[in-house]
Amino acid sequence: MAREHSPRRKALLTVAAWTAGLLIFFPILWTILTSFKTEAQAIADPPLFLNFDWTLENYAAVQERSDYMRFLWNSIVISGASTLLGVLIAVPAAWSMAFVPSKRTKDILLWMLSTKMLPAVGVLYPIYLIFIELGLLDTRAGLTVVIMLINLPIIVWMLYTYFREIPVDILEAARMDGADLRAEILYVLAPMALPGIASTVLLNVILAWNEAFWTLNLTAANAAPLTAFIASYSSPEGLFYAKLSAASTMAIAPILILGWFSQKQLVRGLTFGAVK
Amino acid sequence: MGRIVLEQVAKRFGDAEVIPALDLEIEDGEFAVFVGPSGCGKSTLLRLIAGLEDVSGGRILIDGADATQMAPARRGLAMVFQSYALYPHMTVRKNIAFPLRMAGLDKAEIERRVQSAAAALNLTDYLDRRPGQLSGGQRQRVAIGRAIVREPAAFLFDEPLSNLDAALRVGMRLEISELHKRLRTTMIYVTHDQVEAMTMADKIVVLQAGRIEQAGSPLELYRAPRNRFVAGFIGSPRMNFIEGEEAGRRGAFAIGVRPEDIALSREPAPGAWEGVVGVAEHLGSDTFVHVHETGLAETITVRVSGETPCAHGDRVWLTPREDAIHRFDAQGLRIA
């Protein structure tokens, strides 16, 4: 039975949805607005909404004080490389779990997920020591590996869910048609799972981009990504709200834009399998 | 060439024995049909031959070479799946070309073979469409096209017609039979439909619980079923089975009479079985009369050629053709 909404109900729902949406977006909007204020206006009481002197001086100051491009580049490299590496490892893993499951497959999947329940700080010390030993501290390579490992369970889970939707007959047909494992994954499985793989990649780029615990603890100057860039502005020597806001805006802008353009893909990917 | 020999081939899933060790020979160019009720292991047997499942014991020989451990792709067999299993992201052309691409043929040769397969299967106009834009029958043709371009040693069909509607099914059945006559390539065809088995096969292999109950030509199985299971499975409507005195009189535990081997009369006849008509199905060409209250079996079905006036509640007398009666012992085996 199709649900019919009266125009009044529809209007109410629209208002409610916009209210909720704006409420959630407000902190980000406020940050962006604050980044265009002077430091004095940023802490003005009562707060100024739009009637202030719009200025770009915070951005100039931030750019002058720290090299934004270097942090941006680190963020791009670390999130991109960790996602790529993760997908390369997760595709064969998810393939085997989805198409040749064993008695232990469910247990392995749950165990992988359970690693996400461990507080990260619990393994900080051993990983820190390993990083010192291997000379990986403050390197992009080290951070790429750690972030890849942290997100790997999610990548495997997501791909596993997508692969499960693919009829095994089609893969068997490929085998009968002479495809070896590589050809089967490359020409048949991957193209069919492409929407799923794309949303997995997107989500993981975002997760890796936003990852703050490991990036802050394992980097100093060389490999520090944008999360470290923001953190460097919450200094103890006084509050520079406007500059901090400018830095935050610069840090979140790339991922916000990426998310905006891929929202359709993301929503489809995240709700995939939920409704059938 | 496509002679397939199974030697003591067995399959277990964990502790469950799906196929106890069995032997089977399929000659080059033969059309073999595996038939049986669902869960009888016919599809599993086909998948063992294809290499999609590993055997738990025994050997599979294809043209004399031991293929038991070979990957599916190396066995030189082509398979048509019940679900068609087309590649949804590829056009018809690419679907048909896929096995040739995997075999590393050059582009011109691939195109030539795709065109000739498409022409043979009336698919030329659809080459640039995707499977999603085709009807069930067209999809099935694409699946067959993908199988024939490879010029395989044998074709394996896994219930290929069960997703089609009745009219289309008859048409495709004929197409596959003609294809076999034309190519003379070994075909192994799995179905649960005994009509498909009877009409298409050179050799029918009747399976039950993973065992081969009988293997032979359709008419051999029809005329001399080895046991009650085969006798009941082959032939439509089913053979009538009668136990007790009537069987004992003929030196058997049970006797079987096919519906077409019973004469029906409206008047009493000497030695005839008396009964009351439950349902009469008038097909025009034949009349199937289901008779109750004979005291022999719950229902006895009679097939009368042409139309015969007969309705529910009519009293009728049935006379079996004595030379067409099949006799079975207490174990269900045929008494010669």
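Chain B is divided into domain 1 (4–225) and domain 2 (237–328), with bounds that come from an automatic or database domain assignment. The C-alpha centres of domain 1 of chain B and domain 2 of chain B lie 39 Å apart. This is a predicted model, in which local features need pLDDT of at least 70 and side-chain atom pairs count only at pLDDT 80 or more, while totals for chains, interfaces and linings use all residues. Residues are numbered from 1 along each chain as its sequence is written, and chains are lettered from A, and ligands numbered from 1, in the order in which they are written.

Reader: What is the mean pLDDT of chain A, and where is confidence lowest and highest?
Author: pLDDT is the predictor's confidence in each residue, from 0 to 100; on that scale chain A has a mean of 85, and 93% of its residues reach 70 or more. Confidence in chain A is lowest in helix α14 (residues 263–271), at a mean of 69, and highest in α8(A), at 92. Helices here are DSSP runs of H or I of at least four residues, and strands are runs of E of at least two, numbered from the N terminus.

Reader: Why is α5(A) called oblique to α7(A)?
Author: The axes of α5 (residues 105–114) and α7 (residues 140–164) of chain A come within 9 Å and cross at roughly 140°. Those axes are lines fitted to C-alpha atoms, for helices over the stretch in contact, and angles run from 0 to 180 degrees between N-to-C directions. Angles under 35 degrees count as roughly parallel, over 145 as roughly antiparallel, 65 to 115 as roughly perpendicular and the rest as oblique, and the angle of roughly 140° therefore makes α5(A) oblique to α7(A).

Reader: What is the handedness of the crossing of α5(A) and α7(A), and which residues meet there?
Author: The crossing of α5(A) and α7(A) is left-handed, a term used if the near helix is turned anticlockwise from the far one by less than a right angle, with right-handed used if clockwise. From α5(A), A:L109, A:M112 and A:L113 meet A:P153, A:V156, A:W157 and A:Y160 of α7(A), where contact requires C-beta atoms, placed from the backbone, to lie within 7 Å.

Reader: What makes α8(A) oblique to α9(A)?
Author: Helix α8 (residues 168–176) and helix α9 (residues 181–192) of chain A pack at an angle of about 135°, with their axes 10 Å apart, and that angle makes α8(A) oblique to α9(A). In this case α8(A) passes α9(A) in a right-handed crossing. The contact is made by A:I170, A:L171, A:A174 and A:R175 of α8(A) together with A:E184, A:V188 and A:L189 of α9(A).

Reader: How many residues of chain A are in contact with chain B, and which element gives the most?
Author: On the side of chain A there are 15 residues, in contact with 18 residues of chain B. The elements of chain A that give two or more residues to this side are α8 and α9, and α8(A) gives the most, with six residues.

Reader: How is chain A divided, and how many residues of its domains are in contact?
Author: Domain 1 of chain A takes in 1–65 + 233–251, and domain 2 takes in 67–231. Their centres, taken over C-alpha atoms, are separated by 32 Å, and eight residues of domain 1 of chain A are in contact with five residues of domain 2 of chain A.

Notes. Two residues are in contact if their C-beta atoms, placed from the backbone, lie within 7 Å.
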